[in-house]
Amino acid sequence: MAEERKKQYLLGNDAIAHGCLEAGIDFVSGYPGTPSSEVVDTLRRVKDPWYYLEWSVNEKVAFENAIGACWCGLRAIVTMKHVGLNVAADPLMTSSYTGVKGGFVILSADDPFAHSSQNEQDSRMYAKFAQIPCLDPKDVQQAHDMITAAWDLSEKFSLPVLFRPTTRICHSKSDVALGEESPSPRKGEFVRDPKQYVVIPAHTRPLHAILTKKQPEVAKYLVEAGYNSAEIRGTRAVIAGGISVSYVEEILPEDISLIRIGAYPIDQNWLADVVAKHTEVLIVEELMPVIEEAARQTATTTTVHGKLDGYLPHEGEFSSALVAKALMKAGFLTENPFPTEPAQEVVAVRPPILCPGCLHRSVFYAMKKVFRDGVFPSDIGCYTLGLQMGAVDTTICMGASITVGSGISHACPETPVVSTIGDSTFLHTGVNGLINAVYNNANQTIIILDNRITAMTGHQPNPNTGVTATGVPSPKISLEELARACGVSFVESVDPYDLTDLLETLKAAKEKPGVKVIIAKQPCVIMNKRNGVKRSRYVVDADRCVKCGACIRYGCPALEICEDGTSVTTALCTGCGVCADICPAGAIHRGGAKQ
Amino acid sequence: MKKSYDVLIVGIGGQGTILASNVLGDACVIEGRHVRGAETHGMSQRGGSVETHIRIDGKFGSLIAPGSADLLIAFDVLEALRYRHFLKEDGVMVVNREMVVPTSVFSAKLPVPQMDDVVSELRSGKATVILVDATEIAAKAGSPLAANIVLLGVASHQLPLSVSSLAEAVRRNVPQKTVALNEQAFAMGREVRS
């Protein structure tokens, strides 16, 4: 019965969070990023936790906070998405030299197919680069089991451990067997040891040698611990890594060997032995050919298939059906277990869109009106969806709207540049760009889309919210004063629902040289809904509607066209009233029931 | 080879597809069965088309291969059409007779799809199509938001899960104060026959 009670239907990230509790973590930090966010979100909602937890302002900050805790002997985790690891790469690359005292787990969630990301980078490469162990689970249960044991691994070798789930682990659900929570009795204590923690050249050279020496020991241990294992069943083999193991397990014939890779570095001697036992091997892994390159290095007479000879793609997400095709090509399967893919219907696309009443929509609308000849660098967040309104010209990574905008302004002095960035992203890495823009006399308008929350990733609080991750009140940062302190003289706050004022402010900014900062303030409409904020719906007076379509072009999902060509608002209306300002006939007015 | 019963639940972000899939997942755990599920989070959620995969008795990956789902539960007729290629040829679809016209239709000035045309297109294949006025039934049960539970009630005749496990899973997943309403919605869904 006890066994029965422990099995739960859980999201991968929730199972991972539970594993953290079972391992007795002391310190949690991170920056939200899909698909990683629910790990901290789950941990921060635990009542009366024994551990410290924070949402940090960015991944580098989160990483360094966590390693500070580890150096005091505590068990820490820092979470982020794969591109967040780029931000934290600086401390990462040296943390392997310094090592850790308390266990340190870096969770970097990869996103094959870029469901919610700007690229498809493979965090396993970072583990190799930094020379630290990497755990790559095949399913939700293994993700839970691996993370629970990850701090022991970290402490055993005094190395940070990179834990790398993918979207299909983080956002898959499964029946999961859980263990008991294990509250930590540890107390932090920093013991001075400059040779370990001060990486001047004289210290770092021997530390590098120690790191090199650890590598074969780690690789050997990962086989002994069962993370990498070989099930020899014939003369041909599939070697699969991470979630691909699950896809292969579903369809692999019984006479083909299955080599499961769940951790890195791979022991080259072990791999050479395993490969040599087969005449032909097929490597199945998402993203980079990490296992494949290792296998090709060890193979002497064995034929190796994988990405490098076109059996499997370098890009995108795998599935059992995709893996079946590769097995067919290799002749490992004689009959495809999946039906031929039927044709897809042509149905009008329904992409994600800005919510009805979202402040971003009115800002983009006004911006396009005033800066007809402008260039619009933007950033990472809900507002990237402004692309559909033609108001997003560039997006590359967090914080780059301001910096790319500065570059464009110096390159094209005649072109007006308007950068848009959310409050959380501004505080993440945008503020450095603002300082730089002012310092170097860029000529650009910067609009901070201030909805007081990190919305896209699931509404995490940030320094602009006035509350910490665990709900403790904290001073709300003043974006206005921050901008002024950077040296900006044109700093204006506007209500984006007041279209007239918004347009006037943008026009004023356009007239002035230098860096102008406009802060558009309205809470996220999803948060408003959760907080019980209600506004009356707006309605269209059909008799006064001139069927010009101006409101429809605004693109709000709460506006539709009737059969007679007049516009109508739907129950989705949240009462922002911007469409009433847009309507040239004055046909839209407040009047519906409160929503 | 195939041992799992695969259900694809589709709709529009915010309609409650994830809650519906949680009910199926919990029902599996109640019965001590394996289950795998995959869902859409993050950027795609904002009013976009969403799909949730549930593999009852699933032990491997969470993704259902196109052409192999046993059951399609759709919260919107257009989404049923968009995803019906996931269904096996003789599969069953339980579809809410609702249509939210994508904003892209208005912005690109495309012809607005008509309910009758979409329904007859759905019926043109070999799949069994069960059309349900789930939102209307849910409103009668107490709230149109319970349309997802009505659809599960309808689908319960197809699912390899007992009615009592499903009902218990409904109770576990809906907000505390809406339990009675959702129980009613589930029961009313069960009464629907195509």
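Modeller: Let us begin with a salt bridge, in which a side-chain nitrogen of Lys or Arg lies within 4 Å of a carboxyl oxygen of Asp or Glu. A:Glu250 forms one with B:Arg55, and their closest N and O atoms are 2.8 Å apart. This is a predicted model in which local features need pLDDT of at least 70 and side-chain atom pairs count only at pLDDT 80 or more, while totals for chains, interfaces and linings use all residues. Residues are numbered from 1 along each chain as its sequence is written, chains are lettered from A and ligands numbered from 1 in the order in which they are written, and side-chain values use heavy atoms, with hydrogens and water left out.

Biologist: How many salt bridges are there between chain A and chain B?

Modeller: The pair A:Glu250 and B:Arg55 is a salt bridge. The count between chain A and chain B is six.

Biologist: Which element supplies the largest share of the side of chain A that touches chain B?

Modeller: Helices (H or I, at least four residues) and strands (E, at least two) are DSSP runs, numbered from the N terminus. β1 (7-11), β8 (172-177), α12 (244-251) and β20 (559-561) of chain A each supply at least two residues of that side. The largest share, five residues, comes from α12(A).

Biologist: What area is buried between chain A and chain B?

Modeller: Contact means heavy atoms within 4.5 Å, and it takes 54 residues from chain A and 50 residues from chain B. Buried area is the accessible area (1.4 Å probe) that two parts lose on being put together, summed over both. Carbon and sulfur atoms give 58% of the area, which is about 4300 Å².

Biologist: With which residue of chain A does the side chain of B:Ser62 make a polar contact?

Modeller: B:Ser62 lies in the loop between β3 (49-56) and β4 (69-74) of chain B, and its neighbours in contact include A:Arg168 and B:His53. A polar contact is a pair of N or O atoms within 3.5 Å; within protein, one must be able to donate a hydrogen and the other to accept it, and residues adjacent in sequence count only if both atoms are side-chain atoms. At 2.6 Å, the side chain of B:Ser62 makes such a contact with the side chain of A:Ser172.

Biologist: Is A:His459 buried or exposed?

Modeller: A:His459 has a positive phi of about 65 degrees although it is not a glycine. Most residues other than glycine have a negative phi. Buried means under 20% relative accessible area, exposed over 50%, and partly exposed in between (1.4 Å probe, protein chains only). With a relative accessible area of 7%, A:His459 is buried.

Biologist: Why is the pair of A:Phe27 and A:Tyr52 called tilted?

Modeller: Rings of Phe, Tyr and Trp (its six-membered ring) pair if their centres lie within 6.5 Å; planes under 30 degrees apart count as stacked, over 60 as edge-to-face and the rest as tilted. The structure holds eight aromatic pairs over all chains. In this one the centres are 4.9 Å apart, and the pair is tilted because the planes lie at 35 degrees.

Definitions and conventions: Lists of a residue's contacts leave out its neighbours within four places in sequence.
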